[in-house]
Amino acid sequence: MVKFPSESKMKTSRLIFCAALMLAIPSVHAETVIYETGFEPADKFQIGALEQSGETWKTSGDYPFEIKDAGSDGKGQIMESASDNAGSGSRAWINGVDFKGSNKVSVALDVRRVRSGALGHQANIHLGNFEDAPKTKPDGTAVLISIRGSGRMIAFDGETEHELKTEVKDGEWLQLRIDADGDAKTFAVSVNGEPVASDLAFRDPQAGWITALGFTHYSGSEAMNSCSMAVDNVKITAP
């Protein structure tokens, strides 16, 4: 006679199998969203001066960042600084956002640059604890990533320029992600979903907690045509 396992034994076996399956699947921890915007009307951004959308963002310089219609690329509204002259520079930075004292912060965004033809052209992303307009100097800057007029993308590893092995096509959007660790004072960079650098040292070793995000755009001293830096889909999260 064939003996079949009892119902209680079958239930026990199923429970053991389910428990083993759950242990085999890696757990996924949801990130806490600190701030998110696509610069759209739903976020109370209006076409025109950046400041009219409230006190979250500030801008300064010869060609301040503005809210613009992205046009035919289907991205809706964007934040952009566009320059027609050589030697001009502009800044934008987030102000009044609660970073929740997190020692680990991730920033994802879309960025596009149109180069001026001058080697001095730069489109820069800053992350740190600077209190006002971002600077390229170490003062309060933990992360500095620079898209140069030459087409190179540079991330500072402390005081050293570290070239990121990625293709920067003029006038095309890049998806950029920065993962910063304020305890280890290091950061990692991904471009278009691909990791391109890790364990890079903060530019300013005194910049611990992340409290600010900013952008700088320089046309260069020998600009030969109009240029721009555009930003969209900014998302700041903490693990």
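Two strands are taken as paired if DSSP finds at least two bridges between them. In this predicted model, strands E3 and E6 meet that criterion, since 5 bridges join them. The two run antiparallel. Within the pair, Thr59 stands opposite Ala92 in E6.

E6 also pairs with E15. Here again 5 bridges join the strands, and the direction is antiparallel. Trp93 has Gly214 in E15 as its bridge partner. Strand E6 spans residues 89-94 and is mostly covered, with 5 of its 6 residues buried.

These pairings belong to an open sheet of 7 strands. The strand order is E3-E6-E15-E8-E9-E10-E11, with antiparallel pairing. Strand E3 (57-61) and strand E11 (160-164) stand at the edges. Each has a single partner strand, so one side of each is left without a neighbour in the sheet. From one strand to the next, the twist averages 20°. Further along the order, strand E8 (residues 122-128) is joined to strand E9 (residues 141-148) by 7 bridges. This pair is antiparallel.

In soluble globular proteins, nonpolar side chains tend to be buried together. The largest nonpolar core in the model holds 47 residues. Trp57, Met79, Phe187, Leu213, Phe215 and Ile236 touch the most other members. Strand E16 (residues 227-238) supplies the largest share of this core, 5 residues.

Arg203 lies in the loop between strand E14 (194-201) and strand E15 (212-218). The relative accessible area of Arg203 is 9%. The cut-off for a buried residue is under 20%, so Arg203 counts as buried. The side chain of Arg203 reaches the backbone oxygen of Thr136 at 2.9 Å. Thr136 is also one of the residues that Arg203 touches, not counting residues up to four places away in sequence. Lys137, Pro138, Thr141, Ala142 and Leu144 are touched as well. Phe156, Gly158 and Glu159 complete the set.

Terms used: Residues numbered from 1 in each chain as written. Predicted model: local features only at pLDDT ≥ 70, side-chain atom pairs only at ≥ 80, totals over all residues. Heavy atoms only, no water. Helix = DSSP H or I, 4+ residues; strand = E, 2+ residues; numbered from the N terminus. Axes fitted to C-alpha atoms, helices over the stretch in contact; angles between N-to-C directions. Core = buried A, V, L, I, M, F, W, Y, C linked by side-chain atoms within 4.5 Å. Buried < 20%, exposed > 50% of the residue type's maximum accessible area, 1.4 Å probe, protein only. Polar contact = N/O pair within 3.5 Å; in protein donor to acceptor, adjacent residues only side chain to side chain. Contact = heavy atoms within 4.5 Å.
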